[in-house]
Amino acid sequence: MPDDVQRPAPEKLPPGAARCPGPLWDDFMAADTRPVPDFLKGEHYEYMGSEPLHTDRYVSQAFFQAELEKMWPKVWQFAARNEELPEPGDYVVYENAGRSYLITRQPDGSVKAFHNVCLHRGRKLRTESGWAADFKCPFHGFAWETDGGLKNIPCRWDFPHLNESNMQLPEASVGTWGGYIFVRDAAEGPTLEEYLAPYPRDFARWKPEETYTAVWVAKVVKANWKATAEAFMEAWHTIETHPQILPYTGDANTKYNVYQDHTNVAMTPFAVMSPHIDPTGKSQQWIVDEYIRRTGRGVSADTTAVVPEGMSARAAMASTNREIYGQLFNRDYSGYSDSEMVDAFTYNVFPNFSPWGGMIPNIVYRWRPWPDVDTTLMEVRILFRSRPGEPIPRAVPMRMLGEDEPWTAAAELGGLGEIFQQDMANLPYVQEGMKASKTQTLELGDYQDIRVRHFHRTLDKYLAAK
Ligand code: FES
Ligand SMILES: [Fe+2]
């Protein structure tokens, strides 16, 4: 591994071109025991300036209101996974940014999204996800078919002015990709495929449509939704916030790629020692032992994996993961690179969705204002791969942690619970700190914080639009 790579001093480089000393993600990839797909190679970095961000973006009611009016109605939002509503009549109540939707499976297998509001006097038609033969309002009994057509008006004589055509439930736009169902309030805008590019091409290799929600944990966080999301956009807080994972996390070796307005990714090598720790006396076996002890996601902490003489921890851990997941999901992982079997590919979709890539059980984040400028609902899912020939299991229900329950209370998260608890411990103080700030400015790193800057550049485009 070229850990003595000579690079120009940071001050000699154009802004954003400096990288942490030591190997880059692509250097690890070059040592992979399998071919790594081309779309993972190379840099897609773009310098976007070094101006500070204003704290108003996170604490101002006026800014929050502008997001509600100008951004949320125009974006594709991850609303549900297919396995939450597999059968006709299944529906999911998805709520965000002042809207409520009924995501509903149709008899032909397609999905429609209706505004979840009775057209009589405005009661929400449903408050919980479930199955329905029709959507009958619990107030006076107006009813709609599951395709949104009017079914019944009680005391029909009193509503001569209403008919089938003016009483259809209003629909939102729906798009599907990789087992994910998206809604958009606006009828016009980019197609979902355009919006997600290049993911439909890249994820074709990882087939997220074969996966299902095996773990789903949520908690209300006392911080702005963007501040919360941004805590998961860079890996370099690991050194201070998650020191226990440094033995097997190449935090500062992470590659940050930005694509078009709505998409970017952080690629963090795992099963390598952080450049921040002293490697003296540390073996490749130690890296693997630490990785297994804390990783979770279907790898139990009592798993053993011996690193043969001369083999890297990455190669050994990838081999172990191929075996563990091969057995667990009855699939053949032999063609996937070490990188796809160990690394973190934290993809983001603007504004509030992060589906991890790669072939180990994928983590998925979603962040929603809950419901105000100071509060977020953070959800974490882990998607397991279905077994060939068997039906895709239904999604587990979302487990909502109480205000006083730590993320470690969700044993199904394994070692991730401790990590999320550490992240969440920062966030209320981030929000309080931004409110208390004298300068009202936030200074970003040119490289490692680029996804934060990219996010705000895109947000500004929405806010500036007429
Ligand atoms: S509010 Fe729904 S039937 Fe009256
Ligand atoms: Fe973190």
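# A walk around the iron site and its surroundings

Hi everyone, let's begin with one residue: His242 counts as buried, at 3% relative accessibility. Buried here means under 20% relative accessible area, exposed means over 50%, and partly exposed is in between, with a 1.4 Å probe and protein chains only.

Before I go on, a word about the model. This is a predicted model, in which local features need pLDDT of at least 70 and side-chain atom pairs count only at pLDDT 80 or more, while totals for chains, interfaces and linings use all residues. Residues are numbered from 1 along each chain as its sequence is written, chains are lettered from A and ligands numbered from 1 in the order in which they are written, and side-chain values use heavy atoms, with hydrogens and water left out.

So what coordinates the iron ion (ligand 2)? The donors are His237 (NE2), His242 (NE2), Asp423 (OD) and Asp423 (OD), at 2.1 to 2.7 Å. A donor is an N, O or S atom within 2.8 Å of the metal, or 3.2 Å for Na, K and Ca; water is not among the atoms, so sites may look incomplete. Along the sequence, the donor residues of this iron ion follow the spacing H-x4-H-x180-D. His242 sits in the loop between helix H7 (238–241) and strand S13 (255–258), and Asp423 in helix H11 (residues 416–436), so this pair links distant parts of the chain, 181 residues apart. Helices (H or I, at least four residues) and strands (E, at least two) are DSSP runs, numbered from the N terminus. Asp423 is also buried, at 4% relative accessibility.

Why is the arrangement around the iron ion (ligand 2) called irregular? Because the four donor atoms subtend angles of 53 to 150°. Four donors count as tetrahedral if all angles lie between 85 and 135 degrees; four count as square planar and six as octahedral if opposite donors are over 155 degrees apart and all others between 65 and 115; anything else is irregular.

Now, the aromatics. The whole structure has 38 aromatic pairs. One of them is tilted, because the rings of Tyr45 and Tyr447 have their centres 5.2 Å apart and their planes at 55°. For the cut-offs, rings of Phe, Tyr and Trp (its six-membered ring) pair if their centres lie within 6.5 Å; planes under 30 degrees apart count as stacked, over 60 as edge-to-face and the rest as tilted. Tyr45 is in the loop between helix H1 (25–30) and strand S1 (53–54), while Tyr447 is in the loop between strand S20 (441–442) and helix H12 (450–464), 402 residues apart. Tyr447 is buried, at 8% relative accessibility.

Tyr365 and Trp367 form a tilted pair too, with 5.5 Å centre to centre and 40° between the planes. Both Tyr365 and Trp367 are buried. There is also an aromatic cluster, whose members include Trp25, Phe39, Trp177, Tyr199 and Phe353.

Arg19 lies over the face of Tyr45, at 5.2 Å from the ring centre, and the charged end of Arg381 sits over the ring of Trp216, 3.7 Å from its centre. The rule asks for NZ of Lys or CZ of Arg within 6 Å of the ring centre and within 35 degrees of the ring normal.

How many salt bridges are there? The count is 29, where a salt bridge is a side-chain nitrogen of Lys or Arg within 4 Å of a carboxyl oxygen of Asp or Glu. In one of them, the closest N and O atoms of Lys151 and Asp134 are 2.7 Å apart. Lys151 lies in strand S9 (residues 150–152) and Asp134 in strand S7 (residues 134–136), so the bridge ties together parts that are 17 residues apart in sequence. Lys151 is partly exposed at 42%, whereas Asp134 is buried at 18%.

Arg201 bridges to Asp202, again with closest N and O atoms 2.7 Å apart. Glu390 and Arg387 form another salt bridge, at 3.4 Å. Glu390 is partly exposed at 44%, and Arg387 is partly exposed at 31%. Elsewhere, shared partners join Glu290, Arg293, Arg294 and Glu418 into one network.

Finally, the cysteines. The search finds zero disulfides, a disulfide being a pair of cysteine sulfur atoms within 2.5 Å. For Cys155, the nearest cysteine sulfur is that of Cys118, 14 Å away.
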